[in-house]
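The chain is shown below.

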Amino acid sequence: MNSRRNFLRTTGLTALAGMTGIETLFAASKKKSGKTSGKGLILRFIPYELQLRHTFTLANSSRKTTPDVLISLEFEGVTGYGEASMPPYLGESIESASKFLSSLNLSQFNDPFQMDDILQYVDSVMPGNCAAKASVDIALHDLVGKLMGQPWYKIWGFNPADTPNTSFTIGIDTPDVVRQKVAEAVPYQVLKVKLGQKTDREMIETIRSVSDKPLCVDVNQGWTDKQMALDMIHWLKEKGVVFVEQPMPKTSIDEMAWLTEHSPLPTIGDESVQRLPDVMKAKGVYNGINIKLMKCTGMREAHQMLTLAKSLDMKVMIGCMTETSCAISAAAQLSPKCEWADLDGNLLISNDPYQGVQVVKGKVTLIDQPGIGLSALDTKWKI
Ligand SMILES: [Mg+2]
């Protein structure tokens, strides 16, 4: 959890960022929290509390902020950027990420192109800490892409014209707020509705009273009875829903396999699918998987999961937490090969320090910029 000391440090550094730009912010932090000794890769990091535009309500939790850590990774004057977004229910925190990042010795690596060795080392230092590991992975990809002068979607050989529409998330709320959120979602072609409480049918009916856009639903493990879940899915299909994400608890494997077999809509595993070995286990249980960088330790493993899922004839959604344009732009590099994208996390916060990929008429639009495609927010944010 966020301590008072870290809260004060976060707010102080946030104010500093607004005045003097993100490079100064990282430079100011290096004495306190960064590993800067020796040559090789230089890691710096700062805590950063994301402010949510709306209180975010899921099946089992509600919050107004998300703890986050911003990362920079420098090599011979070139800097890559990453971040760790840590919704509290996933078990990471600014304290745990700071401890993990402080334990790394990246100055031992003198060649950032040896990504395999570097990221294997990062993964081996401690178990867990997936978001903290993802922050280093994203920064390393950004750095290496910049050194190569190419964006990652090009390095991977993806066609930027193939990016999918991204959904815009509507959290569980009162009918008035739900209608307001739908109004905010005008540019988006698909709405993602959070379900898993007693108000499920009311949520859908409220949205249907003001919008006929395709919907996808995310139940966040909220339904516990498989027959009730199947009945709901039949009803949702009639309401124009295109798929159902994580309808049942991740431990209900047999029930979930039954539901997928009988469901008239595709099912997607999210909480059930964290890292690469989980993809194989999801075959036969779900029709597809939701890949998130913060779950799977970053872009490298996400790319491996995408490749494996495709070989198993499974559908793929590229998703996100509430996070800045940094991690969103990193995830978007994979999106041309995904059936669906849920990359609205940066749009749900009010203090995004970066600018990256854009959503144009609801479609993820990649930028032909090296690395993950971040650019300056304005002239004072020199990146
Ligand atoms: Mg989900």
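The model is predicted.

**Helix α9**

By that count, the exposed residues Gln227, Asp231 and Glu238 sit on the face of α9 that is turned away from its buried side. Ala229, Met232, Ile233 and Leu236 are buried. Viewed down the axis of α9, the buried residues fall within an arc of 105°, so they line one face of the helix. These buried residues pack against α8 (200–208), β6 (215–218), β7 (241–245) and α10 (253–262). Helix α9 covers residues 226–238; at 1.5 Å a residue its 13 residues should span 18 Å, and the separation of 19 Å between its end C-alpha atoms agrees with this. After α9 comes Gly240, with a positive phi near 85°.

**The two sheets**

Strands of a sheet pair through backbone hydrogen bonds, in either a parallel or an antiparallel sense. Both senses occur here: eight strands make an open sheet with parallel pairing, in the order β4-β5-β6-β7-β8-β9-β10-β11, and three strands make an open sheet with antiparallel pairing, in the order β1-β2-β3.

From one strand to the next the twist averages 25°. Helix α3 (residues 94–103) packs on this sheet, touching β1, β2 and β3, and its direction makes about 15° with that of β2.

| Strand pair | Sense | Bridges |
|---|---|---|
| β4 and β5 (residues 190–194) | parallel | four bridges |
| β1 and β2 (residues 62–75) | antiparallel | 12 bridges |

Ile170 stands opposite Val193 in β5, while Tyr48 has Asp68 in β2 as its bridge partner.

**His54**

His54 lies in strand β1 (residues 42–57). Is His54 buried, exposed or partly exposed? It counts as partly exposed because 16 C-beta neighbours lie inside 10 Å. Leaving aside residues up to four places away in sequence, His54 touches Gly171 and Lys181. The C-alpha atoms of His54 and Ile170 are 9.9 Å apart, although 116 residues separate the two along the chain.

Methods
Residues numbered from 1 in each chain as written. Predicted model: local features only at pLDDT ≥ 70, side-chain atom pairs only at ≥ 80, totals over all residues. Helix = DSSP H or I, 4+ residues; strand = E, 2+ residues; numbered from the N terminus. Buried ≥ 20, exposed ≤ 12 C-beta atoms within 10 Å, placed from the backbone. Contact = placed C-beta atoms within 7 Å. Expected span 1.5 Å × (residues − 1). Arc of directions from axis to C-beta. Pairing = 2+ DSSP bridges. Axes fitted to C-alpha atoms, helices over the stretch in contact; angles between N-to-C directions.
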